[in-house]
Amino acid sequence: MQGIWVTELQTPSLALSCRVKKTLHREKTPYQELCIVDTEAFGRMLLLDDVIQTTVKDEFVYHEMIAHVPLNTHPHPQEVLVIGGGDGGAIREIIKHASVTRAVLVEIDARVVAAAREYLPEIACGLDDARVEIRFEDGIDHVRRFESQYDVIIVDSTDPVGPAEGLFTREFYQNVFKALKPDGLFVAQTESPFLNGEFIRRVYYDIASVFPIARIYLATIPTYPGGLWTFSLGSKQYDPLEVDPARIPRIPTRYYSPEMHRAAFILPPFVEEIIRPEEERE
Ligand code: SAM
């Protein structure tokens, strides 16, 4: 292979490589190794500990789907919390909603936000909106301190290792439940159905043990392992399957639409199998 390539080892036996035009930034933060490269295939790319977080070319899928599905499931979301999400992409989508009065970003690593502002301005561009508050702290501690505060909580985290590990536990979901208003809901990115089936199953049943409504939905994200990604949603009252597409406001998006909102919850049988109750499994 000619030139310089960046490689994410997605599993010990599977890798994604992209040819690099230029390395723009590299540093070791107190939390992780942060790298921004410009790639031929996906444009500028943020990696943390050699794991692809986002790229300029396909970020819209992830950020639109993690933000608009929960925000359009809630009839009037005002206070929204994002845990992680230091690149700013989820915030950029959240502030497209006129009902939102306050969007709090709780990111553990201030360097991610600084690097995104400098090298990924098209993703970070919403961070200066007057409704946005940025706090550099651990999201696990943040939700412990609040009660009945947020309409929607979005967990836009790294994979469930290191500082993000505690964002995928039943105890964390209980604290999220407490931090939500009586009709609140939350969404988390929950990995690949091709590669992380057992993990997705565990998270789904943990969420279902805390929230009356638990759902999984899907989006196609080429730079994430397996290409197909899951999001898991827990809700106190509003069911994303019952949203009337005619009620969803038309906001400028490239992947999300009222029709995609519905379609994303239609699971192929192999994904349904992941969350099938034990007694119904073959
Ligand atoms: N879209 C991405 C993905 O799925 O690969 C996630 C992007 S965003 C950059 C993830 C962020 O979560 C990172 O910047 C990381 O520092 C942050 N993070 C990890 N654990 C955290 C925690 N416990 N509290 C707050 N932020 C956390």
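## The largest cavity

The largest cavity in this predicted model has a volume of about 380 Å³. A cavity here is a set of points, on a 1 Å grid over the protein atoms alone, where a 1.4 Å probe fits but cannot get out. The volume is the space filled by probe spheres set on those points, which are joined across faces, edges and corners. By this rule the count comes to one cavity of 30 Å³ or more.

## What lines it

Lining residues have an atom within 4 Å of a grid point, and the largest cavity has 32 of them. Q53, G84, D156, S157 and T158 lie nearest its centre. The elements giving two or more residues to this lining are β4 (43-48), β5, α1 (59-73), β6 and α5 (139-144); helices (H or I, at least four residues) and strands (E, at least two) are DSSP runs, numbered from the N terminus. The largest share, three residues, comes from β5.

## The ligand inside

Where does the ligand sit? Its place is the largest cavity, meaning that more than half of its atoms lie within 2 Å of the cavity's grid points. Strands β5 (51-55) and β6 (79-84) are the elements that give two or more residues to the shell around the ligand.

Of the 25 residues around the ligand (a heavy atom within 4 Å), Q32, E107, D138, G139 and Y224 come nearest. Now for some polar contacts, pairs of N or O atoms within 3.5 Å. The side chain of Q32 has an N or O atom 2.9 Å from a ligand oxygen. On the backbone side, a polar atom of I108 is 3.2 Å from a ligand nitrogen, and an N or O atom of P163 lies 3.0 Å from a nitrogen atom of the ligand.

## Reading the model

Local features need pLDDT of at least 70 and side-chain atom pairs 80 or more, while totals for chains, interfaces and linings use all residues. Residues are numbered from 1 along each chain as its sequence is written, and side-chain values use heavy atoms, leaving out hydrogens and water.

Technical notes
A polar contact is a pair of N or O atoms within 3.5 Å; within protein, one must be able to donate a hydrogen and the other to accept it, and residues adjacent in sequence count only if both atoms are side-chain atoms. On a 1 Å grid over the protein atoms alone, a cavity is a set of points where a 1.4 Å probe fits but cannot get out, and a pocket is an open set with protein on both sides within 12 Å along at least five of seven lines; lining residues have an atom within 4 Å of a point.
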